Amino acid sequence: LHDLELADFKVRVLDNHSGAGAKVRVWTRYVDHSHPEREPYGTIGVSTNIIEASWMALRDGVQYKLMLDGEAAK
């Protein structure tokens with residue numbers, strides 16, 4: 001995982017009219033330096049809680065890299 005770079009992290013409020021209950025979308029973009037032939041990829045998390053949405057996006061990004069590495073090892 002040390003070669004996985006979080007290259008971009010963006011937060012967007014999806015429902016401005018809901019105040020504190022508004023949904024947010026967190027978008028993350030990753031670059032895998034251990035496999036330069038791989039295209040950068042992104043993940044998304046959506047929740048009314050910005051920390052939860054961030055965790056979803058970050059977790060999915062790491063899981064995706066581990067999945068790709070597992071497939072490449074076969």
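This is a predicted model: local features need pLDDT of at least 70, side-chain atom pairs count only at pLDDT 80 or more; totals for chains, interfaces and linings use all residues.
Strand β2, covering residues 24-32, is joined to β3 by 7 bridges, and the two run antiparallel.

Strands of a sheet pair through backbone hydrogen bonds, either parallel or antiparallel. Here the sheet is open and has 3 strands in the order β1-β2-β3, with antiparallel pairing. At the edges stand β1 (4-13) and β3 (41-47); each has a single partner strand, so one side of each is left without a neighbour in the sheet. On average, neighbouring strands of this sheet are turned by 20° against each other, direction ignored.

What lies across these strands? Helix α1, residues 50-73, lies across β1, β2 and β3, and runs at about 150° to β3.

Let's turn to the overall dimensions. The C-alpha trace spans about 50 × 20 × 15 Å along its principal axes. The radius of gyration of the protein chain is 14 Å, whereas a compact globule of 74 residues would have one near 11 Å.

Finally, a look at contacts and surface. Among the contacts in the protein chain with a separation of 6 or more, 44% are between residues 24 or more positions apart. Buried residues account for 23% of the 74 residues. The accessible surface comes to about 5100 Å², and 55% of that surface belongs to carbon and sulfur atoms.

Definitions and conventions: Residues are numbered from 1 along each chain as its sequence is written. Side-chain values use heavy atoms; hydrogens and water are left out. Two strands pair if DSSP finds at least two bridges between them. Helices (H or I, at least four residues) and strands (E, at least two) are DSSP runs, numbered from the N terminus. Axes are lines fitted to C-alpha atoms, for helices over the stretch in contact, and angles run from 0 to 180 degrees between N-to-C directions. Contact means heavy atoms within 4.5 Å. The radius of gyration is taken over C-alpha atoms; the globule rule is 2.2 Å times the number of residues to the power 0.38. Buried means under 20% relative accessible area, exposed over 50%, partly exposed in between (1.4 Å probe, protein chains only). Accessible areas come from the Shrake-Rupley method with a 1.4 Å probe; for residues, only the protein chains shown count as cover.
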